Amino acid sequence: STAHTTAYVVHGLQVARQNDIALVPGVLERGVEWLKNYQAEQIRLLENAGKPQKEKERTPYKSAADNLDAFVYMVLTDEGVDEPRMRDFLYRDRTKLAVYGMALFGMSLANQNEQEKLDMIVQNIGQFLVVDDENQTAYLRLPENNTWWYWYGSDIEANAYYLKLLAKTDPKNTVAAGLV
């Protein structure tokens, strides 16, 4: 989708900027503006889901925040753009997110010092954690119904973002070492 591609490109530009790579002026800013507008539309759709049934029949809506919302939210919070309504929707719907989506959302919560919500996300992800003490390894075993063919179903990305999350929030954790 256009939103996924835009979020992916903006995230890449953020990484380039962090590594002192020159960016074409205005490109990152335009991408962020596009994502802010996209997120505003998703919030409107989520808020429409709370309307009475007769209104919902006439009004477009979506019933839950999704993995793309988590990705866009992370990219925007990395730019200092916080939208509390989307944070609340993502937190409310966290159990409907893929493990990768939860890890993306967790990165945002860590950046915002939302410790209580972050602790819950880490706990939610932790239910998929397999630790092999004998080999000193750890990995996430994604659920049976994991949609591996979608971008958010990647077990490699889920493990990578879980590692990034642990490295950011609890770097001395032995699980982080096992994931490496």
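The legends below describe close-up views of a predicted model. Residues are numbered from 1 along each chain as its sequence is written, and side-chain values use heavy atoms, with hydrogens and water left out. Local features need pLDDT of at least 70 and side-chain atom pairs count only at pLDDT 80 or more, while totals for chains, interfaces and linings use all residues.

View 1. A pocket is an open set of points on a 1 Å grid over the protein atoms alone, where a 1.4 Å probe fits, with protein on both sides within 12 Å along at least five of seven lines; lining residues have an atom within 4 Å of a point. The volume is the space filled by probe spheres set on the points. Of the 17 lining residues, Thr95, Leu97, Ala98, Val99 and Pro143 lie nearest the centre.

**View 2. The second largest pocket.** About 180 Å³ of space lies here. The lining includes His4, Tyr8, Phe71, Tyr100 and Trp151. Helix H1 (2–18) gives the most, with four residues. Helices are DSSP runs (H or I, at least four residues) and strands likewise (E, at least two), numbered from the N terminus.

View 3. Lys117, Leu118, Ile121, Asn124 and Ile125 are buried (under 20% relative accessible area, 1.4 Å probe, protein chains only). Seen down the axis of H7, these buried residues fall within an arc of 120 degrees, so they line one face of the helix; the arc is that of the directions from the helix axis to the C-beta atoms. The face turned away from the buried side carries Glu116 and Gln123, which are exposed (over 50%).
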